Amino acid sequence: MAAPEDGWINGIYELLAGAAPLGGGGLPGFAVQDHRNGRRDLMAVQVARDAPARAVAVGTLSGQVIENMVMPVSSGVGRVPGGREGFFVIQQAVSGRAVFDPAQPSAPWGERALLEHLLRPAAIALDRLAQTGITHRAIRSNNVFLAREGAAVTLGGAWAGPPGQLQPGLFEPPYSAMCHPSGRGEGTIADDVYALGVLLIVLAIGAHPLAELSAEELIQRKLERGSFAALAGQYHLPPAIADLARGMLAEDPEHRPPPLLLADPLAARSRRVAARPPPRAQMPIDVGGLAVWDARTLAYAAFRAPEVGLRLLRGAEIDSWLRRALGDPLLAARVDEAVRGARNPQRVEEGSADQLLLLQCIATLDPLAPCCWQKLALFPDGIGALAAAADGASDRMGVRQAVTRFLLGDAVALWGDAKGNRVDSAVLRLDWRQNRMLLHVPGWAGGFARLRYGLNPMQPCLSPLVGDGCVVRLIDLLPALERHAMSRDWLIDAEVAAFISARLKGRMDGEFATLAQAEDRDIDPPGHRGLAQLRVLARLAESEPAQRWPSLAKAALRGVEEAAGRWRGVTERTHILHRVRDAAREGALLAMLAAIDHPASLQDDTRRAQLAQARAQALEAALGQISERQAARRAIAKHTAQEIAAACGTILLVAVVVWRAMS
Amino acid sequence: MAGKKSGKKFAGAAPKSGGGALTGIVLPIALVVGVIALLASGALPALCLFLPALLWLCTEQEPGRPMTRTLLLFGLVGAWDSLDAFWHVGALRPADWISMLDIRALTRAWVAQAMGWLLAEGLALLMAFQADREIGRARQSYQAEISQLRAEWGDGVSHAADDG
């Protein structure tokens with residue numbers, strides 16, 4: 001099977017030359033034409049290898065239509081002319097311009113335009129999206145488009161990368177902004193409402209507020225003052241917009257108005273959620289050079305400076321500050337309880353006591369905070385995208401190690417407990433145990449790679465065995481392996497095994513355990529590795545039984561010939577080898593497996609070998625007895641001869657006597 | 001106790017003393033009488049005729065003395081004429097002894113006994129050869145079958161047998 005043609009995706013969508021259309025959401029986009037129906041209002045967005053597309057969103061939304069939102073249409077593997085293979089999400093293309101370009105600031109929008117052309121259509125689209133259980137997480141000024149003046153805006157694509165990965169901190173709630181870009185998780189539709197609220201302010205003032213601040217300073221400002229006050233406090237907004245934005249930028253997602261309510265701005269404006277501002281201390285506490293006045297900023301400061309935070313926690317400075325300066329003895333008692341729990345000998349033994357203490361204390365101080373683990377903040381549903389980002393050169397933060405330790409420890413459970421009823425603790429624990437189990441699975445079917453592929457159904461296979469091919473679907477794996485099979489001794493490595501195991505939901509784990517054992521310990525009971533490899537390849541070939549894989553079959557034959565050594569009978573072994581070689585010449589992997597993987601024949605061979613062994617033993621015993629019998633036979637022969645001679649003598653004597661008597 | 005012991009000793013010694021009396025007194029007397037009778041009856045020539053058989057009788061250790069038996073039978077065949085003549089003459093004169101022991105009669109008797117020996121030994125040789133041939137055939141057959149099993153199932157088959 002040939003590699004994808006240059007300029008084509010799935011053999012259906014042709015990449016068109018010319019300017020890239022809008023709506024790629026910050027990723028490389030190309031205009032395409034659907035050759036089945038001639039449709040040209042589509043675009044292909046290229047997915048980065050370490051930031052897989054949103055499989056659930058693409059799968060659920062493909063074929064659906066939501067007004068004023070760029071919807072995914074399909075996905076597939078293709079090749080940009082002159083480039084390497086890549087994975088693309090096909091989606092609707094957008095015309096017009098982005099609603100706001102910081103490089104070319106435009107005039108502020110009026111209240112009516114904001115409500116009619118931005119808020120209402122976007123809220124209706126988000127409401128429709130929320131009904132599918134999916135979030136957008138890419139609402140920002142350069143990903144919301146205006147086809148023409150006076151028209152409703154269109155929300156750009158958000159499906160070709162992890163949720164919220166390309167969002168600037170400005171458009172994200174502070175708790176999401178402090179996370180690793182790939183670890184922000186799916187979030188909720190309230191996060192989209194937040195981003196829409198920020199966009200409302202940006203268009204109302206005609207500028208990005210607080211653009212001069214760094215990402216950390218922006219988060220700190222939002223936490224200290226509240227998002228609305230931090231972003232819009234120094235600007236004079238129209239009263240209706242201010243009321244709506246205040247609600248949309250509430251720190252607690254539960255306090256933000258749902259999209260359906262925003263579709264009726266008057267009703268949304270009238271809804272006021274009484275959110276108490278966080279209590280402010282009488283005097284600040286210094287944490288890593290940051291003057292902290294309230295509990296949630298304290299949590300953020302402890303995350304930024306974990307060593308200082310731990311020292312203050314263990315030294316009881318934070319406890320006394322919470323009791324005396326902040327006047328919250330209840331919170332102080334809960335933090336103190338966490339500090340005492342950190343003395344658990346098991347945690348100390350595992351070396352994770354400090355990290356768990358910090359995580360628990362941050363979650364206690366600020367129940368809205370994400371999991372803060374080893375200088376890495378994440379939401380547990382972002383583990384998959386984070387695992388994908390952790391590989392290769394992008395693993396500068398030791399993300400892989402941090403994620404592994406995060407899942408292997410009790411961090412998720414402690415975080416869930418500290419969050420109380422804000423998360424579904426049962427679901428959280430279930431997901432965590434499943435992920436941890438994937439890490440614990442021995443051999444090639446488990447570990448970090450298995451976790452990565454398991455949590456990212458659109459993650460391409462990263463094995464060097466597929467060359468520069470982009471393999472996302474299991475059905476594409478054999479063609480890629482076939483193209484590079486001749487240069488390899490073995491056709492399956494740990495990455496390919498993890499990829500297959502994830503896509504087949506662990507149905508070939510026994511074979512992968514055999515392969516890993518043979519690789520790690522350099523032990524290969526005759527042909528077990530070759531047979532395990534052939535079983536995997538044949539399992540993949542089942543989807544296209546008529547397809548031939550000559551290169552794979554030829555490469556696999558070396559290992560399979562060793563497997564034929566399991567038959568002890570030369571005749572049967574020769575017969576099997578003959579059949580396997582014939583099948584290999586034809587490139588028929590299934591026929592090869594059928595010839596060599598024959599338990600009944602093997603069992604019969606074993607039985608016959610046992611019979612042969614028993615027969616050989618009997619014969620050798622008989623040979624040993626023959627020497628002993630030879631002496632006995634000679635004695636019998638001698639005795640018999642003497643008896644015969646005596647008989648002859650008697651007969652002769654009788655004859656002589658009779659003859660003499662008669663003569 | 002002492003009485004019992006002495007009783008046992010006496011009980012065991014009685015037949016021994018009886019056997020001693022037999023070999024010490026009766027047998028020499030019987031031998032002397034037998035020799036006198038033999039000489040008187042003229043059986044000495046007969047002993048000469050059967051000398052090979054008598055010598056064999058002294059040297060053969062095999063139970064039942066089968067070779068002696070064969071020699072005697074063949075000796076009887078060869079010496080029948082002499083014995084027949086002796087039976088009819090019944091004389092004790094030395095001249096008759098000489099006529100009985102002429103060289104031809106002696107030769108006939110001894111050749112007949114030699115023929116008996118030759119027949120017994122020849123047959124024994126022939127039958128041993130036949131037995132060896134059968135055993136050799138069986139050995140070849142077994143070895144061929146083992147080789148065939150080795151060729152089909154590998155050396156492990158017979159090695160396992162060796163281990164066993």
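**Helix packing and burial in a predicted model**

Helix H4 of chain B (residues 66-78) is largely enclosed by the rest of the structure, since 10 of its 13 residues are buried (under 20% relative accessible area, with exposed meaning over 50% and partly exposed in between; 1.4 Å probe, protein chains only). This is a predicted model, in which local features need pLDDT of at least 70, side-chain atom pairs count only at pLDDT 80 or more, and totals for chains, interfaces and linings use all residues. Residues are numbered from 1 along each chain as its sequence is written, chains are lettered from A and ligands numbered from 1 in the order in which they are written, and side-chain values use heavy atoms, leaving out hydrogens and water.

Among the buried residues of H4(B) are Pro66(B), Met67(B), Leu71(B), Phe74(B) and Val77(B).

Over in chain A, helices H2 (residues 111-131) and H7 (residues 239-248) pack at about 45°, their axes 9 Å apart. On the H2(A) side, Glu111(A), Leu114(A), Leu115(A) and Leu119(A) make the contact; H7(A) brings Ala240(A), Ile241(A), Leu244(A) and Met248(A) (heavy atoms within 4.5 Å). These residues divide into 7 nonpolar, no polar and 1 charged.

Also in chain A, Pro479(A) sits in helix H21 (residues 477-483) and is buried, at 3% relative accessible area. Pro479(A) and Val466(A) are 13 residues apart in sequence and 8.9 Å apart in space, C-alpha to C-alpha.

Terms used: Axes fitted to C-alpha atoms, helices over the stretch in contact; angles between N-to-C directions. Helix = DSSP H or I, 4+ residues; strand = E, 2+ residues; numbered from the N terminus. Nonpolar A, V, L, I, M, F, W, Y, C, P; charged D, E, K, R; others polar. Expected span 1.5 Å × (residues − 1).
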